[in-house]
Amino acid sequence: MTVHLRAAGTSLLLDTPVQDGGLPAVLHWGRDLGPLDDDALAALAGALVPAVPPSAIDTPLRVSALPTREQGWTGRPGVEGFWSGSGEPAAGLALTGVEHVGDRAVRLHLTGSGGRLAVVTDVELSEHGVLRVRHALENGGADTFVVGSLDATLPVPDRAREVLDFTGLWAHERRPQRTTLGHGAWTRETRHGRPGHDDPYLVVAGTPGFGFRSGEVWATHVAWSGDKRQWAERQPLGAAVLGGGELLAPGEVRLAPGERYTAPWLVAAWSDAGLDGLSDRLHPWVRSWSTIRRARPVVLNTWEAVYFDHDAATLDRLVDLAADVGVERFVLDDGWFRGRTDATRALGDWTVDPVAWPDGLHPLAARVHARGMELGLWVEPEMVSPDSDLARAHPEWVVGGDALPTWRDQRTLDLGDPGAYACVRDALAALLDEYPVAYLKWDHNRDLLHGSAHRQTTALYRLLDELRARFPGVEIESCASGGARIDLGILERVDRVWTSDTNDPLERQHIQRWTGVLVPPEYLGGHLGAPRAHTTGRTASTGFRCATAMFGSAGIEWDLTTASPDELAVVRDWVAEHVARRGLLHTGRVVRADTADPGVLVHGVVAHDGVEALFAVVALAAAEAALPAPVRLPGLDPDRTYRVRTVGPAPLQVQAAPPPWFARGEVTLPGRLLTDVGLAAPLLAPENAVLLAVEAVAPHGAAAAARAGAAATFGA
């Protein structure tokens with residue numbers, strides 16, 4: 001039997017040879033094949049049975065969703081492990097049953113090792129065209145089974161010869177890298193106990209030269225917040241695959257009789273419209289299960305404003321200035337808890353410091369609420385300082401003890417220990433019970449150098465789930481020394497991610513651009529920092545900083561008490577502009593132009609109904625030409641007419657005279673012309689940006705009658 005799952009222009013064909021005792025094989029993943037009856041599916045499955053090449057197994061090889069060496073697959077196997085008593089490896093997997101779960105999901109049942117192992121594979125295709133595959137393995141034998149790997153694999157066609165994935169550093173996350181897929185495997189593994197700053201994030205295979213708006217691409221992501229691996233592999237046999245799963249240390253997962261291990265989801269998407277086509281599938285899918293239930297408040301975070309200097313008078317002035325410029329959530333960062341006077345001490349002692357806060361946080365909370373804002377609080381519950389009451393009282397809760405080097409003067413707390421887990425949970429619950437905290441900035445500032453990443457990650461998930469159930473009104477941000485833990489596993493449990501520890505707008509333009517391929521912008525925390533960036537020492541104009549922080553979950557991380565009246569006025573206008581447009585920014589389609597000049601970026605968000613958009617034209621460096629190419633605005637409705645106008649602070653320009661439309665501040669043109677031809681580009685100085693607000697004024701062309709109602713509603 002061949003299963004055909006279809007949605008949103010995507011098809012998945014899965015051959016399920018139950019009678020033959022074979023393994024399920026993906027025959028096609030990509031463009032929608034249209035409705036196919038059982039006869040057509042059977043004929044196609046038969047037509048795709050390959051030849052038997054010389055010096056190979058004597059039966060045709062088809063790549064399984066769970067490939068094994070026994071079937072002749074010499075690439076990375078989908079499942080590995082052994083019985084602890086005999087050392088016998090897992091063997092003899094065969095499909096025993098197929099269960100349809102709704103219209104677009106199927107559950108496959110396999111057995112192996114003489115019936116001692118049972119594998120359940122779930123395959124789901126969302127209404128948005130997002131594919132998910134996950135395996136679960138259960139020990140039905142009498143001996144312990146040691147799991148080596150349980151990975152999901154998906155084939156890609158031969159034309160997918162170019163691979164894109166990511167690397168990075170602290171404050172420089174999500175750096176893209178490309179390679180040509182030859183014979184062998186391009187494998188990325190992370191061993192940080194978290195995805196890490198160098199997380200491969202997405203592995204994308206595509207037709208050579210694919211971009212944001214062009215090319216056919218297939219992408220996978222492992223929805224897991226611990227150690228993991230992803231790969232692209234092309235075999236001399238001819239088959240090419242993408243795969244991924246949790247990276248397990250030897251002996252890390254040992255299944256006693258009756259126990260089960262469930263692997264993380266491999267999330268996958270296909271697009272024939274480049275990387276933006278992936279976002280067009282992934283963003284609506286994430287939004288369909290998102291924990292976000294209301295507009296993203298504009299925040300002020302105190303870290304780069306006061307650091308550890310929690311002076312009440314200074315913070316009171318900061319509260320008032322934050323409210324004056326329109327901030328909606330005031331977040332007190334590191335330094336509020338007992339003994340925390342610098343970064344070397346007190347992590348784990350989660351009670352309010354009586355010296356800095358003799359009356360607790362109640363006066364601050366009252367002032368914040370009186371000014372119409374919510375209160376947020378920074379915590380780092382997974383870590384402990386060697387110089388802390390907690391570490392001295394319970395050294396057995398510290399992963400690796402004193403034998404391991406500290407990292408940022410801290411160690412990891414073993415959340416897998418029931419006592420440590422309960423201690424952290426109860427301390428956080430006590431804070432949330434006593435204080436009106438609406439938001440936790442949950443940080444994670446070091447790698448796990450010892451112990452089980454699997455145990456630590458599953459304990460973290462359990463802790464987050466338990467706290468969210470007890471305090472459903474409290475939002476949580478995932479921060480991991482910036483962007484070292486941004487994945488779809490953590491996203492199910494948080495309402496925001498801290499995209500990077502850098503607020504330098506030049507770095508942020510790249511980081512936000514690439515992180516946003518997978519994660520919708522409403523999750524991506526981006527702050528208006530001080531004129532001189534804390535992480536790079538680079539100085540940037542207010543306008544460039546504002547334009548960069550406009551897109552995403554916006555905030556401020558700047559000591560506003562040092563800002564001039566003119567700067568405060570710009571900040572106030574920027575906050576108002578963001579609030580007015582966040583309904584668009586946090587629900588629309590993210591679009592990115594492919595520009596020939598690497599020093600120029602064009603990106604934006606377009607409303608799904610096409611009636612409005614906001615774009616940024618960004619000069620990262622000096623232009624390659626004295627007369628740069630026209631700026632094209634992707635994603636607009638070709639049959640609408642739009643008015644384009646500049647908004648926000650004027651950028652610094654290097655030109656004797658600007659383009660006439662730019663000097664006027666607006667122009668009106670059909671969407672087709674704005675997308676395919678573009679507008680004469682202003683000559684922006686390096687590290688400057690201009691925001692373009694785009695509004696539909698009337699339908700245009702043949703679709704006028706059909707769109708008249710929508711245009712009238714917009715005009716009203």
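Tutor: Ser-113 sits in the loop that links strand 6 (105-112) and strand 7 (117-125), where strands (E, at least two residues) and helices (H or I, at least four) are DSSP runs numbered from the N terminus. This is a predicted model, in which local features need pLDDT of at least 70 and side-chain atom pairs count only at pLDDT 80 or more, while totals for chains, interfaces and linings use all residues. Residues are numbered from 1 along each chain as its sequence is written, and side-chain values use heavy atoms, with hydrogens and water left out.

Most residues other than glycine have a negative phi. Ser-113 has 6% relative accessibility and therefore counts as buried (under 20% relative accessible area, with exposed meaning over 50% and partly exposed in between, for a 1.4 Å probe and protein chains only). Because its relative accessibility is 4%, Ser-481 counts as buried.

Burial also marks helix 11 (residues 542-549), where eight of the eight residues are buried, so this helix is largely enclosed by the rest of the structure. Among these buried residues are Phe-544, Arg-545 and Thr-548. The axes of helix 10 (residues 505-515) and helix 11 come within 10 Å and cross at roughly 20 degrees (axes are lines fitted to C-alpha atoms, for helices over the stretch in contact, and angles run from 0 to 180 degrees between N-to-C directions). Helix 10 is therefore roughly parallel to helix 11, a label for angles under 35 degrees, whereas over 145 is roughly antiparallel, 65 to 115 roughly perpendicular and the rest oblique. Their contact (heavy atoms within 4.5 Å) is made by Pro-505, Leu-506, Arg-508, Gln-509 and Gln-512 of helix 10 and by Phe-544, Arg-545 and Thr-548 of helix 11.

Another helix pair is helix 7 (residues 418-434) with helix 8 (residues 453-470), which pack at an angle of about 25 degrees with their axes 11 Å apart, and these two helices are therefore roughly parallel to each other. Residues making this contact include Tyr-421, Val-424 and Leu-428 of helix 7, together with Ala-459, Leu-463 and Leu-467 of helix 8.

Turning to strands, an open sheet of three has the order 4-9-18 with antiparallel pairing, where two strands pair if DSSP finds at least two bridges between them. Its edge strands are strand 4 and strand 18, each of which pairs on one side only, and neighbouring strands are turned by 30 degrees against each other on average, direction ignored. Strand 9 (residues 145-150) is mostly covered, with five of its six residues buried. Five bridges join strand 9 to strand 4 (residues 79-83), and here Val-79 stands opposite Leu-150. Strand 9 also pairs with strand 18 (residues 253-255), in the antiparallel sense and over three bridges. Along this pairing, Val-146 stands opposite Arg-254, while Phe-145 has Leu-255 as its bridge partner.
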